[in-house]
Amino acid sequence: MLEIPSHLKSLFVQFDLDSLDGLKFSERRLSDLANCFADPNAYAKAIADGNPLLYRVASFEPRNGDGQLHYGLGILEAGKVGAEYYLTKGHLHSYRPAAEVYLGLRGEGMMLLEEENGEAYALPLRANSVVYVPGHTAHRTMNTGSEPLVYIGVYPSNAGHDYGTIAERNFQQVVVEVNGAAVVMKRDVYLKSLEAK
Ligand code: PAN
Ligand code: ZN
């Protein structure tokens, strides 16, 4: 096998998706995502039941500066809070024009995208699929399957992560399980359906 010189080691990463123990992950548990899920009662119950780990991200920053790229390997567990699938916090990039490419490696999920002009839409993210997140667009990932959703996100090194702006208003849409299928609906419609219960 080709020996990689030590000063080039950050330019090549070999993943073994069955054994990721060597990577340095940031972990997000349910308690790190207060106010992200729509159903407050289901949220409180899931916290009381053990505050599960929702996702982990290993970040790679080989070079910094104009034109350089960073990327992260994300692993989002399967599960739900009420009917709503496990999700990431979601963010805008601090440098708003920064776009991102998501590469699905394993599992079955979706992404919610919300542009600054308010346009909101959902796209699938699964193994062998690519989602392009335009600049100026908030993005959140959901796992709608039964296995961990594994993906890589590649973004400009100067993108930065702004969690506060979208946290204030939350995403307009939710992805919930209805009769065994993943359904995208408006947050207020889902909240009304909870009240009716
Ligand atoms: C991704 C995300 C990752 C975790 O690498 O950071 O999916 O989601 P949150 O950052 O919203 O918790 C990315 O979009 N980077 O820009
Ligand atoms: Zn991003």
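This is a predicted model: local features need pLDDT of at least 70, side-chain atom pairs count only at pLDDT 80 or more; totals for chains, interfaces and linings use all residues.

Visitor: What share of the residues in the protein is buried?

Guide: Buried residues account for 27% of the 197. As for contacts in the protein with a separation of 6 or more, 71% are between residues 24 or more positions apart.

Visitor: How should I read the pairing of strands? In which sense do β8 and β9 pair?

Guide: One looks at the sense of the pairing and at the bridges. Strand β8 (residues 108–115) and strand β9 (residues 120–126) pair in the antiparallel sense, over 7 bridges. Within this pair, M111 of β8 faces L123 in β9. The hairpin has 4 residues between its strands, and G118 there adopts a positive phi near 100°.

Visitor: Which residue stands opposite E115 in β11?

Guide: That residue is T137. β8 and β11 also pair in the antiparallel sense, again with 7 bridges.

Visitor: How many residues of β11 are buried?

Guide: 7 of the 7 are buried, so β11 is largely enclosed by the rest of the structure. The general idea to keep in mind is that side chains in a regular strand alternate between the two faces of the sheet. In β11, T137, H139, T141 and N143 point one way, whereas A138, R140 and M142 point the other way. The residues of both sets are buried.

Visitor: How does one read a nonpolar core? Which residues have the most contacts inside the largest one?

Guide: In soluble globular proteins, nonpolar side chains tend to be buried together. Here the largest nonpolar core has 32 residues, and those with the most contacts inside it are L76, Y86, M110, M111, L125, M142 and V175. Elements that each supply at least two residues of this core include α1 (40–48), β2 (53–60), β3, β12 and β14. Strand β8 gives the most to the core, with 4 residues. M142 illustrates the packing: beyond its neighbours within four places in sequence, M142 contacts Y85, Y86, L87, G109, M110 and V175.

Visitor: Let us turn to the ligand. Which residues come nearest to ligand 1?

Guide: There are 15 residues around ligand 1, and G72, G74, T88, K89 and G153 come nearest. The strands β3 (69–76), β11 (137–143) and β12 (149–156) each supply at least two residues of the shell. By class, the shell has 3 nonpolar, 9 polar and 3 charged residues.

Visitor: How should I read a single residue? Is G107 buried or exposed?

Guide: One asks where the residue lies, how many neighbours surround it and what it touches. G107 lies in the loop between β7 (100–106) and β8. G107 has 21 C-beta neighbours inside 10 Å and therefore counts as buried. Setting aside residues up to four places away in sequence, G107 touches R126, A127, N143, G145, E147, P148, L149 and V150.

Visitor: How many bridges join β14 to β15?

Guide: Strand β14 (residues 173–178) is joined to β15 by 6 bridges, and the two run antiparallel. V178 has A181 in β15 as its bridge partner. The hairpin has 2 residues between its strands, and N179 there takes a positive phi near 50°.

Visitor: Is S26 buried or exposed?

Guide: S26 is exposed, with 11 other C-beta atoms within 10 Å. S26 is found in strand β1 (residues 26–29). Apart from neighbours within four places in sequence, S26 is in contact with R56 and V57.

Methods: Residues are numbered from 1 along each chain as its sequence is written. Chains are lettered from A and ligands numbered from 1 in the order in which they are written. A residue is near a molecule or strand if its C-beta atom, placed from the backbone, lies within 6 Å of it. Ala, Val, Leu, Ile, Met, Phe, Trp, Tyr, Cys and Pro count as nonpolar, Asp, Glu, Lys and Arg as charged, and the others, Gly among them, as polar. Two strands pair if DSSP finds at least two bridges between them. A residue is buried if 20 or more other C-beta atoms lie within 10 Å of its own, exposed if 12 or fewer, and partly exposed in between; C-beta atoms are placed from the backbone. Two residues are in contact if their C-beta atoms, placed from the backbone, lie within 7 Å. A nonpolar core is a set of buried Ala, Val, Leu, Ile, Met, Phe, Trp, Tyr and Cys residues joined through C-beta atoms within 7 Å.
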